[in-house]
Amino acid sequence: LACLPEADAQHISNLAWSFATQPVPHTPLMSAISAKAMLMLSTFRPQNVGNTAWSFARRLFCDQPFLNAIAAAAIPTIGEYRSQELANMAWSFATLQVLHQTLMNAISSAS
């Protein structure tokens, strides 16, 4: 966790993704990733957003403020997202049972 202050968007996304593929739960790490990512979502590229959302859903780690921040960051630039990134976000919100109608409408319009 000590390395998170220096991590950039790609590092945060990679860390979340790699941890999501492991069978060991680690709530403190997911909380730290969420806190760091919320501070820097404006620097995330679409792939970083999609992969990070997927990672949280894969771990079934539902952080509502973080998901709302992801939605707010993604909606204005949704036209830049590829199909895989859109699908990752839609799947993530559905898996975590978070209804964000504005995001779902944006994803629907962009796909």
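A: The model is predicted, so local features are described only at pLDDT of at least 70 and side-chain atom pairs only at pLDDT 80 or more, while totals for chains, interfaces and linings use all residues. Residues are numbered from 1 along each chain as its sequence is written, and side-chain values use heavy atoms, with hydrogens and water left out.

The protein has six helices and zero strands, where helices (H or I, at least four residues) and strands (E, at least two) are DSSP runs numbered from the N terminus; along the sequence this gives the pattern α-α-α-α-α-α. Its radius of gyration, taken over C-alpha atoms, is 13 Å, in agreement with the value near 13 Å for a compact globule of 111 residues, by the rule of 2.2 Å times the number of residues to the power 0.38. Along the principal axes, the C-alpha atoms fill a box of roughly 40 × 25 × 20 Å. Of the 111 residues, 46% count as buried, that is, under 20% relative accessible area, with exposed meaning over 50% and partly exposed in between (1.4 Å probe, protein chains only).

The buried residues of H5 are Glu85, Leu86, Asn88, Met89, Ser92 and Phe93. They cover an arc of only 160° around the axis, which puts them on the same side of H5; the arc is that of the directions from the helix axis to the C-beta atoms. On the other side of H5, Ser83, Gln84 and Ala94 are exposed. Alanine 87, also in H5, counts as partly exposed because its relative accessibility is 39%, and its C-alpha atom is separated by 12 Å from that of alanine 106, 19 residues apart along the chain. The cover over the buried residues of H5 includes helix H3 (46–58), helix H4 (64–74) and helix H6 (101–110).

Among the buried residues of H5, glutamate 85 deserves a separate description. Its relative accessible area is 4%, so it counts as buried. Leaving aside residues up to four places away in sequence, glutamate 85 touches Pro46, Gln47, Gly50 and Glu80, a contact meaning heavy atoms within 4.5 Å. The side chain of glutamate 85 also reaches the backbone nitrogen of glutamine 47 at 3.4 Å, where a polar contact is a pair of N or O atoms within 3.5 Å, one able to donate a hydrogen and the other to accept it, and residues adjacent in sequence count only if both atoms are side-chain atoms. By C-alpha positions, glutamate 85 and alanine 32 are 23 Å apart in space and 53 residues apart in sequence.

Just after H5 comes glutamine 97, whose phi is positive at about 55°. Most residues other than glycine have a negative phi. Glutamine 97 lies in the loop between H5 and H6, and its 75% relative accessibility is why it counts as exposed. Leucine 60, in the loop between H3 and H4, likewise has a positive phi near 55°, and counts as exposed at 60% relative accessibility.
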